[in-house]
Structures are given as C-alpha cells and as structure tokens.
Amino acid sequence: GVATTYINKSCEETTLLDLKLLLKEAKQRIPPVLQMLEDPREAHGGKGGCSFCGGLGHTIVDCPKIDKDARRVAGNQRDALATGDGYGGGWEGFLL
C-alpha cells in the first residue's frame with residue numbers, strides 16, 4: 001500500500017523528527033524538507049528517544065509533554081491555605 005502524510009508549517013519540529021526517524025528505520029525515501037531538519041540525537045548515535053513519553057524526535061530534556069502534564073496536574077491541585085480547607089482556616093474554634 002501507499003501511505004501519504006501531509007505536513008505544513010504548523011507541525012511541531014519534534015513530530016517531523018519522529019517522522020524522519022520512522023522513515024529512516026523503514027528504509028524509505030526521506031523527503032528533502034525532512035532531510036534539512038537536524039536531529040540533535042544524531043550526534044549521539046541517533047538511538048533511543050524520550051524516556052518520558054517515548055517520542056522519537058526529542059529527549060526528556062525538551063519533551064513537550066512534560067510541561068503539558070505538569071500544567072494539568074497543577075491545575076487539579078487546590079491550595080489548602082488559600083481555600084480554608086486545610087490548616088490555613090478555622091482557627092476560631094481553638095483556645096490557646
């Protein structure tokens with residue numbers, strides 16, 4: 001079969017590097033637009049990928065999913081001192 005992939009200027013570079021590596025591993029022709037992209041991992045043998053998300057076009061140091069997960073987790077946490085649900089509120093019931 002034939003697979004067609006459309007890319008444009010809004011594609012993240014990490015996604016394009018993933019595509020480049022997949023084509024290389026499959027011994028497929030790599031289009032010139034992808035050949036121009038420099039993969040920082042190629043200087044280190046081009047092995048492996050991100051240990052956090054498994055992405056091939058980046059390492060854990062510049063993983064875009066770490067920031068996304070951190071924002072999601074931080075958004076779900078409430079500040080107990082600010083809301084009065086924790087140790088920060090309700091002192092009126094204590095006598096010293």
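The model is predicted, and its secondary structure amounts to four helices with zero strands, so that, read from the N terminus, the order of elements is α-α-α-α. The chain has 96 residues, of which 17% count as buried. Among the contacts in the chain with a separation of 6 or more, 23% are accounted for by residues 24 or more positions apart.

- Helix 1 covers residues 13-25, and its 13 residues reach 18 Å from the first C-alpha to the last, which is close to the 18 Å expected at 1.5 Å a residue.
- The buried residues in this helix are Thr14, Leu16, Leu17, Lys20, Leu21 and Leu23, a list that holds leucines together with a threonine and a lysine.
- The largest nonpolar core has six residues in all, namely Leu16, Leu17, Leu23, Ile30, Leu34 and Leu37. The largest share of this core, three residues, is contributed by helix 1.
- Leu23 belongs to that core, and, when its neighbours within four places in sequence are left aside, Leu23 is in contact with Gln28, Arg29, Ile30, Pro31 and Leu34.

**The loop after helix 1**

- Lys27 sits in the loop that runs between helix 1 and helix 2, the latter being residues 32-35.
- The phi angle of Lys27, which follows helix 1, is positive and near 55 degrees, and this positive value occurs in a residue other than glycine.
- Lys27 counts as exposed because its relative accessibility is 76%, and exposed residues are those over 50%.

**A nonpolar patch on the surface**

- Ile7, Val33 and Met36 form a nonpolar patch on the surface, and together they have about 290 Å² of accessible area.
- Val33, one of the patch residues, is found in helix 2. Its relative accessible area is 45%, and therefore Val33 is described as partly exposed, a class that lies between the 20% limit for buried and the 50% limit for exposed.

**Pairs that are separated along the chain**

- Glu12 lies in the segment before helix 1 and is partly exposed, with a relative accessible area of 47%. Although Glu12 and Pro64 are 52 residues apart in sequence, their C-alpha atoms are 9.8 Å apart in space.
- Asp39 is found in the loop between helix 2 and helix 3, and it counts as buried because its relative accessibility is 8%, where buried means under 20%. The C-alpha atom of Asp39 is separated by 9.2 Å from that of Lys20, and the two residues are 19 residues apart along the chain. Lys20 is itself among the buried residues of helix 1.
- Ser51 is also placed in the loop between helix 2 and helix 3, the latter being residues 64-76, but Ser51 is exposed, with a relative accessible area of 61%. Between the C-alpha atoms of Ser51 and Cys63, which are twelve residues apart along the chain, the separation is 9.2 Å.

Notes. Residues numbered from 1 in each chain as written. Predicted model: local features only at pLDDT ≥ 70, side-chain atom pairs only at ≥ 80, totals over all residues. Heavy atoms only, no water. Helix = DSSP H or I, 4+ residues; strand = E, 2+ residues; numbered from the N terminus. Buried < 20%, exposed > 50% of the residue type's maximum accessible area, 1.4 Å probe, protein only. Contact = heavy atoms within 4.5 Å. Core = buried A, V, L, I, M, F, W, Y, C linked by side-chain atoms within 4.5 Å. Expected span 1.5 Å × (residues − 1). Patch = residues over 30% accessible without salt bridge, like charges linked within 9 Å, V, L, I, M, F, W, Y side chains within 5 Å. Areas by Shrake-Rupley, 256 points an atom, 1.4 Å probe, with all protein chains shown as cover. Salt bridge = Lys/Arg side-chain N within 4 Å of Asp/Glu carboxyl O.
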